[in-house]
Amino acid sequence: MFKKIFIWIVMSQALIFLLSVIFYKRIDLLSYINVSFIIGSILILISLTGYVINGRFFDIVFFSFQHIFGQLTDTGRRPLSQLIPQSYFLPFTTGIFAILLTLLSLFFYKN
């Protein structure tokens with residue numbers, strides 16, 4: 001499990017540095033802070049969306065839309081929580097790590 005988390009963190013930091021070079025044409029503390037905040041926020045938002053959907057919150061609405069607009073039989077209908085992947089832990093921990101590095105970098109930038 002720690003190996004997967006480490007791979008996710010390394011890949012997200014590589015993506016942050018790559019996007020910093022692409023958008024800002026340089027790697028400095030301010031560009032790292034800006035890009036890592038966006039990447040960390042996107043990862044946390046994706047994982048929390050998966051958590052809410054996995055919590056069966058939207059299953060009744062999704063089932064109703066399938067019933068009204070779909071041509072499926074009752075055996076072919078599945079709730080939305082079964083259609084969405086169940087792994088939201090890795091993006092969440094990676095996003096939290098990126099946001100913590102952003103806050104740490106922001107502390108060094110202000111001093």
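Student: Is Tyr88 buried, partly exposed or exposed?
Tutor: In this predicted model, Tyr88 is partly exposed, and its relative accessible area is 25%.

Student: And which aromatic pair does Tyr88 form?
Tutor: Tyr88 pairs with Tyr51 in an edge-to-face arrangement, with 5.4 Å from centre to centre and 75 degrees between the planes. Tyr51 sits in helix α2 and Tyr88 in the loop between α4 and α5, so the pair ties together parts that are 37 residues apart in sequence.

Student: What is the relative accessible area of Tyr51?
Tutor: For Tyr51 the value is 49%, and this residue counts as partly exposed, because exposed would require over 50%.

Student: How many aromatic pairs are there by this rule?
Tutor: The count comes to three aromatic pairs, and the one between Tyr51 and Tyr88 is edge-to-face.

Student: Switching to the helices, how do α2 and α5 cross?
Tutor: The axes of helix α2, residues 29-54, and helix α5, residues 89-110, come within 8 Å and cross at roughly 155 degrees. The two helices are therefore roughly antiparallel to each other, since the cut-off for that description is over 145 degrees. The crossing in which α2 passes α5 is left-handed.

Student: What classes of residue make up that contact?
Tutor: The contact of α2 with α5 has 17 nonpolar and eight polar residues, and no charged residues.

Student: Where is confidence lowest, and where is it highest?
Tutor: Confidence is lowest in helix α4, residues 80-83, at a mean of 72, whereas it is highest in helix α1, residues 2-24, at 95. For the protein the mean pLDDT is 87, with 94% of its residues reaching 70 or more.

Methods. Residues numbered from 1 in each chain as written. Predicted model: local features only at pLDDT ≥ 70, side-chain atom pairs only at ≥ 80, totals over all residues. Heavy atoms only, no water. pLDDT = per-residue confidence, 0-100. Helix = DSSP H or I, 4+ residues; strand = E, 2+ residues; numbered from the N terminus. Axes fitted to C-alpha atoms, helices over the stretch in contact; angles between N-to-C directions. Parallel < 35°, antiparallel > 145°, perpendicular 65-115°, else oblique. Left-handed = near helix turned anticlockwise from the far one by under 90°. Nonpolar A, V, L, I, M, F, W, Y, C, P; charged D, E, K, R; others polar. Phe/Tyr/Trp six-rings, centres within 6.5 Å; stacked < 30°, edge-to-face > 60°. Buried < 20%, exposed > 50% of the residue type's maximum accessible area, 1.4 Å probe, protein only.
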